[in-house]
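The following paragraphs lead the reader through one structure, from a strand to the cores and then to a single side chain. Please keep the sequence and the model in view while reading.

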Amino acid sequence: MEAQNTISLAETDLLSLFGRNDQNLALIEKRFGISLVARGSKLLLSGPVEAVQKASNLLAYLIEGLRGDPAISTDELKSLIHQGNPPPGDYCKQARTEQLIKTYKNTIKVRTAGQADYLRAMTQNDIVFAIGPAGTGKTYLAVAAAVAALRQKHVSRIVLARPAVEAGESLGFLPGALEEKVDPYLRPLYDALQDLMEPDRLRRFQEMKIVEVVPLAYMRGRTLNDAFIILDEAQNTTPQQMKMFLTRLGSSSRSVITGDITQIDLPAEQQSGLVEVQSILNSIEGLKFIYLTERDVIRNPLVQKVIKAYDSHEQSSSSSRLAAAER
């Protein structure tokens, strides 16, 4: 059954909405299997009823975003088109007004409903676990929130930690001193900081120990007060390491733990601390678990498809193993 709908384009930046050579419209047509025709200040949609409804919802969201203050960015617009569905109704206003992270260098906007929930959780809880696939902004948003808290004097220092677990290489065989061997594992945290702070400020803060980037092992024995503490790649912690990290939290501090439980580099027989902690701490008040999905991926749209393909393969493999075990 075919349907039609008309959307007003009044006071809309048509170049941003349509894209160069109407490439954004072409993407929407391809994704939903509909036809789009611009007539003056109106856009006519035609195609299957459900497809027209979904495309209309997405276009209405995009148009509202382009009219907003701050306006939706070109990259965000393209990302939303690839996702295919707008976030929940109240997300549009929240994401571009309340859900902004102002750092020393720039202002970061969340791009998905999951990211909005994540940022909200970081402002409302002392401990937040963010679990999800690569490309969902787990680490970047946590570092941005930490920098914003430091800028606003909500905390007096930032501590970023990662477990130095080899992903296919042995630290013992890598050249250089310990610091040189560990540095590649900490590099993503440095990259995020450099994107959010001016080089001179970051260098000064590191010299003053206002900002620290350390291997997880260096956290043992410390109590961190008035700090924003981030544990990245937490899927590679053991249960003992996870407990050690969580008990470092001092007064007036908050902590964010991020990880992807589908990319564990620990030995096969070793339980992941991030997997175990979900069943241990899931009912504690003041602590929040946020689960991001492939819908929150903001890298190349192909990454979403790669994640879905691997998830399907792993589910199929698990089903095959269970069936074989029952025989």
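How many of the five residues of β6 are buried? In this predicted model, five of the five are buried, so β6 is largely enclosed by the rest of the structure. In a regular strand the side chains alternate between the two faces of the sheet. Accordingly, I127, F129 and I131 point one way from β6, while V128 and A130 point the other way.

The strands that pair with β6 can be considered next. Strand β10, residues 254–259, pairs with β6 in the parallel sense over five bridges, and I257 of β10 is the bridge partner of F129. Strand β11, residues 287–291, also pairs with β6 in the parallel sense, over five bridges; here L287 stands opposite I127.

The nonpolar cores come next. The largest nonpolar core has 40 residues, and Y118, M122 and V211 have the most contacts inside it. Among the elements that give two or more residues to this core are β6, α6 (113–124) and α8 (178–196). Its largest share, 10 residues, comes from α7. Leaving out residues up to four places away in sequence, V211 touches L150, I158, L193, M197, L202, F205 and Q206. A second, separate core of 23 residues includes L224, L231, L246 and V277.

The last stop is Q278, which lies in helix α11, residues 273–280. Q278 has a relative accessible area of 17%, which means that it is buried, the limit being under 20%. Beyond its neighbours within four places in sequence, Q278 is in contact with I131, I261, F289 and Y291. The side chains of Q278 and Y291 are joined by a polar contact of 2.7 Å.

Methods: Residues are numbered from 1 along each chain as its sequence is written. This is a predicted model: local features need pLDDT of at least 70, side-chain atom pairs count only at pLDDT 80 or more; totals for chains, interfaces and linings use all residues. Side-chain values use heavy atoms; hydrogens and water are left out. Helices (H or I, at least four residues) and strands (E, at least two) are DSSP runs, numbered from the N terminus. Buried means under 20% relative accessible area, exposed over 50%, partly exposed in between (1.4 Å probe, protein chains only). A polar contact is a pair of N or O atoms within 3.5 Å; within protein, one must be able to donate a hydrogen and the other to accept it, and residues adjacent in sequence count only if both atoms are side-chain atoms. Contact means heavy atoms within 4.5 Å. A nonpolar core is a set of buried Ala, Val, Leu, Ile, Met, Phe, Trp, Tyr and Cys residues joined through side-chain atoms within 4.5 Å. Two strands pair if DSSP finds at least two bridges between them.
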